[in-house]
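Me: I would like to learn how to read a protein model. Can we go through one feature at a time?

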Amino acid sequence: MKMTEAEYENKLTEYTNRDNFWTERTISQLGYSINLFTTVGIAFLAYLGTSKETFPKLDISCYSEFSWALALYIISIILIVLSAGNGFKSILSRLFDYRITRHLALSRKRYLVRNKKNVIAEDRSKGLIDSKIIDISGLKHYPIFKNHLLGKIDFIIESDFNSGLVIEKFERLRKESKILGDTTWRCHRWQIVSFFLAIFIYGLAILS
């Protein structure tokens, strides 16, 4: 049974609305999760600092006895610091990603406005930027994050519209945005893993 044009448009609208709904929910919950684990991680780090009297003092010498409790306590501190650090990196990476996404949306609008005559008189595709699915497998994430952290971002500027560099820069920024988004998820996963490992190891330290 064939699908009519109206049915096709309705189904496409339905899928678009679903995608927008779940994208918004995912972004919201991701932000909540990152902030939650970062806040709790910092609080737990403060607690570890106040509980240091429970464990033997660190004595680095050839004659000092090895203490499993102290070793596990130190490991738990290192892990919770790593968890908080990954949380901060997730927050920054997400902010950089949003900044690029906003810039890309504005660039699409400016590109369409500049090609208004061609879109109306000739072909609508001349005012639209055709975006394809990006593959970032095998690409290094850290250099992109570092460049954005240092403010070394090559955004689309006015002269790019005249020189024809808009599409090239647009695709490069899309790739960077996707890498930053992937960095956010990776760091958040490590944040969660480090957090629960820190709690588990601290529990072992208490029992030792």
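Reply: We will go from the overall fold to single residues. Keep in mind that this is a predicted model.

Me: How many helices and strands are there in the protein?

Reply: Start any reading with the secondary structure. Here there are six helices and zero strands. Along the sequence the pattern reads α-α-α-α-α-α.

Me: What share of the residues counts as buried?

Reply: Of the protein's 208 residues, 33% count as buried. The accessible surface comes to about 14300 Å². Carbon and sulfur atoms account for 62% of that surface.

Me: And what share of the contacts joins residues at least 24 apart?

Reply: Take the contacts between residues at least 6 apart in sequence. Of these, 81% join residues at least 24 apart.

Me: Which residues of H1 are buried?

Reply: First, a general idea. An α-helix has 3.6 residues a turn, so residues three or four places apart point the same way. Now the case here. The buried residues of H1 are Leu30, Gly31, Ser33, Ile34, Phe37, Thr38, Gly41, Phe44 and Leu48.

Me: Which helices do those buried residues pack against?

Reply: They pack against helix H2, residues 68-114, and against H6.

Me: Which residues does UniProt list for "transmembrane region"?

Reply: An unreviewed UniProt entry lists residues 30-48, 68-88 and 190-207 under that name. Such annotations may be inferred rather than shown by experiment. You can compare the record with the model. Residues 30-48 are 100% helix and 0% strand, with end C-alpha atoms 27 Å apart. Residues 190-207 are also 100% helix and 0% strand. Their end C-alpha atoms lie 26 Å apart.

Me: Now the rings. How many aromatic pairs does the structure hold?

Reply: It holds eight aromatic pairs. For each pair, read the distance between centres and the angle between planes. Phe37 and Phe195 form one of them, 5.5 Å centre to centre. Their planes are 80 degrees apart, and the pair is edge-to-face. It links distant parts of the chain: Phe37 is in helix H1 (residues 5-50), and Phe195 is in helix H6 (residues 166-207). The two are 158 residues apart.

Me: Are Phe37 and Phe195 buried or exposed?

Reply: Phe37 and Phe195 are both buried. They also form one aromatic cluster with Phe196.

Me: What kind of aromatic pair do Tyr47 and Tyr202 form?

Reply: Tyr47 and Tyr202 form an edge-to-face pair, with 5.9 Å between centres and 80 degrees between planes. This pair links distant parts of the chain too: Tyr47 is in H1 and Tyr202 is in H6, 155 residues apart.

Me: Why does Tyr202 count as buried?

Reply: Check the relative accessible area. Buried means under 20%. Tyr202 has 8%, so Tyr202 is buried. Tyr47 has 43%, so Tyr47 is partly exposed.

Me: Where does the charged end of Lys89 sit?

Reply: It sits over the ring of Phe145, 5.1 Å from the ring centre.

Me: Which residues does Gln191 touch?

Reply: Gln191 lies in helix H6. Gln191 has 0% relative accessibility, so it counts as buried. Leaving out residues up to four places away in sequence, Gln191 touches Ile34, Phe37, Thr38, Ser83, Asn86 and Gly87.

Me: Let us end with a loop. Where is Ile136 found?

Reply: Ile136 is in the loop between helix H3 (116-121) and helix H4 (142-149). Its relative accessible area is 11%, so Ile136 is buried. Beyond residues up to four places away in sequence, Ile136 touches His141, Lys175, Lys178, Ile179 and Asp182. Ile136 and Ile179 are 43 residues apart along the chain, yet 6.8 Å separates their C-alpha atoms.

Me: Is Lys132 buried or exposed?

Reply: Lys132 lies in the loop between H3 and H4. At 57% relative accessibility, Lys132 counts as exposed. Lys132 and Glu171 are 39 residues apart in sequence, with 8.8 Å from C-alpha to C-alpha.

Methods
Residues numbered from 1 in each chain as written. Predicted model: local features only at pLDDT ≥ 70, side-chain atom pairs only at ≥ 80, totals over all residues. Heavy atoms only, no water. Phe/Tyr/Trp six-rings, centres within 6.5 Å; stacked < 30°, edge-to-face > 60°. Helix = DSSP H or I, 4+ residues; strand = E, 2+ residues; numbered from the N terminus. Buried < 20%, exposed > 50% of the residue type's maximum accessible area, 1.4 Å probe, protein only. Lys NZ or Arg CZ within 6 Å of the ring centre and 35° of its normal. Contact = heavy atoms within 4.5 Å. Areas by Shrake-Rupley, 256 points an atom, 1.4 Å probe, with all protein chains shown as cover.
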